[in-house]
Amino acid sequence: MKHLIKVTFLLTSGLLLFGHLRAQDTTSIASYFNDGDISKSNQAIKINVLQFIQKDYHLIYQNIYNDWFEFDIGAGYLSKGFDYLMYSVENAFYNEDLELPSSGFSLMVNPKLYMGDIRHAYYFGILWKYRSFPELSTSDYEFNVGLRKLIGHHWLLVGGLGLGMRFEENSDGIHYLIDPDPEGGKSKNIYLPIHIHIGYTF
């Protein structure tokens, strides 16, 4: 667990440093075209529209550092009935659900690199998301790719896919890479999330 946290920290630091160095060698996007103040809209508030299905209600704050790098942070409320196994590989193959009886909270960070015009560009990034419940807590480590589309001057649509691994810690303080009570040795640690975000830039 500690090694994964270190790796995530190093990757995030590397992306931030790379973005800072790249920004010193590039000209502001506003110097290339009359963008209707798009270049000034370097912040946004987003929601994941799929959160209403998963019952993971969170807001995401986006900060664009230059025309190809952004950093997302978010926090949210996990309502009762949150589907812990949604997007998991096991759920896809065995059609199982594990809805938790208690509410909780979530935190996330997601730095991204964009390939091309920031208004309409593909990206790849790394994500860390922490969820806490009275029964257990989980940490997700994920690589994701997707497409960002600016609609008009301020509305934002982002779609992406991820591949990640989930670690959990139960109320006894024990970390599990796989399910603590496996049935037939089936693992619940790998998941394939879908991201569909809508937002408003300012």
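**How we know: questions on a predicted model**

Colleague: Let's start with a label. Why does Phe 52 count as exposed?

Modeller: Phe 52 has a relative accessibility of 51%. Buried means under 20% relative accessible area, exposed means over 50%, and partly exposed is anything in between, using a 1.4 Å probe and protein chains only.

Colleague: What pLDDT does the protein average?

Modeller: The average is 76, and 61% of the residues score at least 70; pLDDT is the predictor's confidence in each residue, on a scale from 0 to 100. Over residues 22-38 the pLDDT is below 50, and this stretch has 16 contacts in the model beyond near neighbours in sequence. Contact means heavy atoms within 4.5 Å.

Colleague: Back to Phe 52. Why is its pair with Tyr 57 called tilted?

Modeller: Rings of Phe, Tyr and Trp (its six-membered ring) pair if their centres lie within 6.5 Å; planes under 30 degrees apart count as stacked, over 60 as edge-to-face, and the rest as tilted. By this rule there are eight aromatic pairs. Phe 52 and Tyr 57 have ring centres 5.9 Å apart and planes at 55 degrees, so the pair is tilted. Tyr 57 is partly exposed, at a relative accessible area of 31%.

Colleague: What makes Phe 105 and Tyr 130 an aromatic pair?

Modeller: Their centres are 6.2 Å apart, and the pair is tilted, with 55 degrees between the planes. Phe 105 lies in strand β4 (residues 104-115) and Tyr 130 in strand β5 (residues 120-132), so this pair ties together parts that are 25 residues apart in sequence. Strands (E, at least two residues) and helices (H or I, at least four) are DSSP runs, numbered from the N terminus. Phe 105 is partly exposed at 40%, and Tyr 130 is partly exposed at 24%.

Colleague: How do you know that β4 and β5 are joined?

Modeller: Two strands pair if DSSP finds at least two bridges between them. Here nine bridges join β4 to β5, and the strands run antiparallel. One example is Leu 107, whose bridge partner in β5 is Tyr 130. β4 and β5 form a hairpin with four residues between them, and Gly 116 in the turn has a positive phi of about 115 degrees.

Colleague: How many bridges pair β5 with strand β6?

Modeller: There are 13, again in the antiparallel sense, with β6 covering residues 136-151. A hairpin of three residues joins β5 to β6.

Colleague: Why do Lys 129 and Asp 56 form a salt bridge?

Modeller: A salt bridge is a side-chain nitrogen of Lys or Arg within 4 Å of a carboxyl oxygen of Asp or Glu. In Lys 129 and Asp 56 the closest N and O atoms are 2.8 Å apart, so the pair qualifies. Lys 129 lies in strand β5 and Asp 56 in strand β2, so the pair ties together parts that are 73 residues apart in sequence. Both residues, Lys 129 and Asp 56, are buried.

Colleague: What about the side chains of Asp 72 and Lys 112: where do they meet?

Modeller: They meet in a salt bridge, at 3.3 Å from N to O. Asp 72 is in strand β3 (residues 69-78) and Lys 112 in strand β4, 40 residues apart. Both Asp 72 and Lys 112 are buried. Salt bridges that share partners join Lys 46, Glu 70, Asp 72, Lys 112 and Arg 148 into one network.

Colleague: One last one. What phi does Lys 55 have?

Modeller: Its phi is positive, about 65 degrees, although Lys 55 is not a glycine. Most residues other than glycine have a negative phi. Lys 55 lies in the loop between α2 (51-54) and β2 (56-64), and its relative accessibility of 30% makes it partly exposed.

Conventions:
Residues numbered from 1 in each chain as written. Predicted model: local features only at pLDDT ≥ 70, side-chain atom pairs only at ≥ 80, totals over all residues. Heavy atoms only, no water.
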